[in-house]
Amino acid sequence: MRKILLIAVAFGLLPLSAALGQGVITLDHVEGLNASGGFDDGATLTFHLRLTNVGDTVVAMANGYKFTSDGISWGSLHGSFVGPLDYWVCWLWPPCPFDIQTVDYFPPNIVGFQAMTGPSGYGLPTGFDDVGCTITVGPLSVNNGTYLTLDSSFFPPAGPWTWLIEGGTAVHCEWGGPYTYYYIPQQPDTWLSQDPIYLKELVDRIIYVYFRPADVNDVDLCSVRVQDKIKTYSQDCAWIEGDLIVTDVFVFRLLSPYRPISGTVNTTYTVSWDTYSGDHYVLYGDLNVELYPGDVNLDGEVNASDLIFMSDYLFNAGPPSQLKEVMDIDQNGRVDALDMTALSRLIGF
Ligand SMILES: [Ca+2]
Ligand SMILES: [Ca+2]
């Protein structure tokens, strides 16, 4: 008899009564989202649906769900009864809420759950509040789309969204959705080949900037810029190393906005790029500088050659240091003969 009632409802033969407040199906949580709270291209998402019954015992249910999007497609849809409604749990440890459960698929975007009590089922009891169904969708393919929405649905052939209580009365089950999630690629990060930067240790004054994009092959390598304007130094364009993109910059160009540098610098830099798919990205990374006062010729040593460099600058019209502020050994704001004395003392002469 109950099976006949369910089928009758599923085919739309019974009118729905207006007994509101029976219960609600809500989205408990989603597995597969990234740290940004969105989904990546290629992600597989599992929606966990919570069934809450605040009315009479439900002896049969028919609930359908549909996915809509603006350009997101997926490999497959899969629905399961889980938790107390799991078929195998019921089979091993009867009695259970429902004896008969079916998951129906209507490609490409609808999945329906039907269940009913039989000889041993006791129905979804008053006060039931647990995750009872999951829907897994994926892998997702992002084709210029931005969102994926899960909503309630009638499903063919005219299967309504309803619960039945004892006596065959169809009652209204509320739906907490629709629930929408967005394509928000996991934000990649960036770092420098040296942090903090020790100028004396930099070979050829070059520092490398690394970042991890969502797809290295989608990066326009010639669009990569550090600090919004600095192009790759040693080559025409940035290059790929595994799942990273690398660009290099002449360190004094990188540091120029922070000069004069008279001590430790703690700030951030940016690296930006365009993708072939039309997006523009900007990332922030840590930029810290440690100075070695006295290494005025920046050759990695603090010794007599620095005294000669300083002397040439002060008295023989020699070139200044590439980081002129390091010549202000006594840090009084001027570079003069007193710094020669201070440098001599620093070196130990
Ligand atoms: Ca030196
Ligand atoms: Ca000085």
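**Entry 1: two helices side by side**

I started with helix 4 (residues 304-315) and helix 5 (residues 337-347), whose axes come within 10 Å and cross at roughly 175°. Helices here are DSSP runs of H or I with at least four residues, strands are runs of E with at least two, and both are numbered from the N terminus. The axes are lines fitted to C-alpha atoms, for helices over the stretch in contact, and the angles run from 0 to 180 degrees between N-to-C directions. That crossing makes helix 4 roughly antiparallel to helix 5. I noted the cut-offs too: angles under 35 degrees count as roughly parallel, over 145 as roughly antiparallel, 65 to 115 as roughly perpendicular and the rest as oblique.

A note to myself on the source: this is a predicted model, in which local features need pLDDT of at least 70, side-chain atom pairs count only at pLDDT 80 or more, and totals for chains, interfaces and linings use all residues. Residues are numbered from 1 along each chain as its sequence is written, while chains are lettered from A and ligands numbered from 1 in the order in which they are written.

Which residues of helix 4 meet helix 5? On the helix 4 side I listed Ala-304, Asp-306, Leu-307, Met-310, Ser-311 and Leu-314. Their partners in helix 5 are Ala-337, Asp-339, Met-340, Leu-343, Ser-344 and Ile-347. Two residues are in contact if their C-beta atoms, placed from the backbone, lie within 7 Å. I sorted the residues of this contact into eight nonpolar, two polar and two charged. For that sorting, Ala, Val, Leu, Ile, Met, Phe, Trp, Tyr, Cys and Pro count as nonpolar, Asp, Glu, Lys and Arg as charged, and the others, Gly among them, as polar.

**Entry 2: the loops around helix 4**

Next I looked up Ala-317, in the loop between helix 4 and helix 5. Its phi is near 60°, a positive value in a residue other than glycine. Ala-317 counts as exposed, with 7 C-beta neighbours inside 10 Å. The rule is that a residue is buried if 20 or more other C-beta atoms lie within 10 Å of its own, exposed if 12 or fewer, and partly exposed in between.

Leu-298 sits in the loop between strand 20 (280-290) and helix 4. Leu-298 also has a positive phi, about 55°, although it is not a glycine. With 19 other C-beta atoms within 10 Å, Leu-298 is partly exposed.

**Entry 3: domains**

I then checked the domain assignment, which gives domain 1 (2-182), domain 2 (190-290) and domain 3 (304-347). Such bounds come from an automatic or database domain assignment. The C-alpha centres of domain 2 and domain 3 lie 31 Å apart. Their contact takes six residues from domain 2 and four residues from domain 3. On the domain 2 side, I found four nonpolar, one polar and one charged.

**Entry 4: cores**

How many residues does the largest nonpolar core have? I found 40, and those with the most contacts inside it are Val-58, Ile-135, Trp-163 and Leu-164. A nonpolar core is a set of buried Ala, Val, Leu, Ile, Met, Phe, Trp, Tyr and Cys residues joined through C-beta atoms within 7 Å. Several elements give two or more residues to this core, including strand 3 (58-69) and strand 7 (129-142). Strand 3 gives the most, with seven residues.

Zooming in on Trp-163, I saw that it touches Gln-22, Gly-23, Val-58, Met-61, Val-171 and Cys-173, not counting residues up to four places away in sequence. A second, separate core of 30 residues includes Leu-192, Leu-255, Val-271 and Val-296.

Is Val-226 buried or exposed? Val-226 is buried, with 26 other C-beta atoms within 10 Å, and it is found in strand 16 (residues 225-226). Among the residues it touches, leaving out those up to four places away in sequence, are Val-209, Tyr-269 and Val-271.

I found a cis peptide bond joining Pro-107 and Pro-108, with omega about 5°. Pro-108 is in the loop between strand 5 (100-106) and strand 6. Another cis peptide bond joins Arg-259 and Pro-260, and its omega is about 5°. Pro-260 lies in the loop between helix 3 (251-255) and strand 19 (265-274).

Last, I visited Gly-83, in the loop between strand 4 and helix 2 (87-92). Gly-83 and Val-131 are 48 residues apart in sequence and 6.4 Å apart in space, C-alpha to C-alpha.
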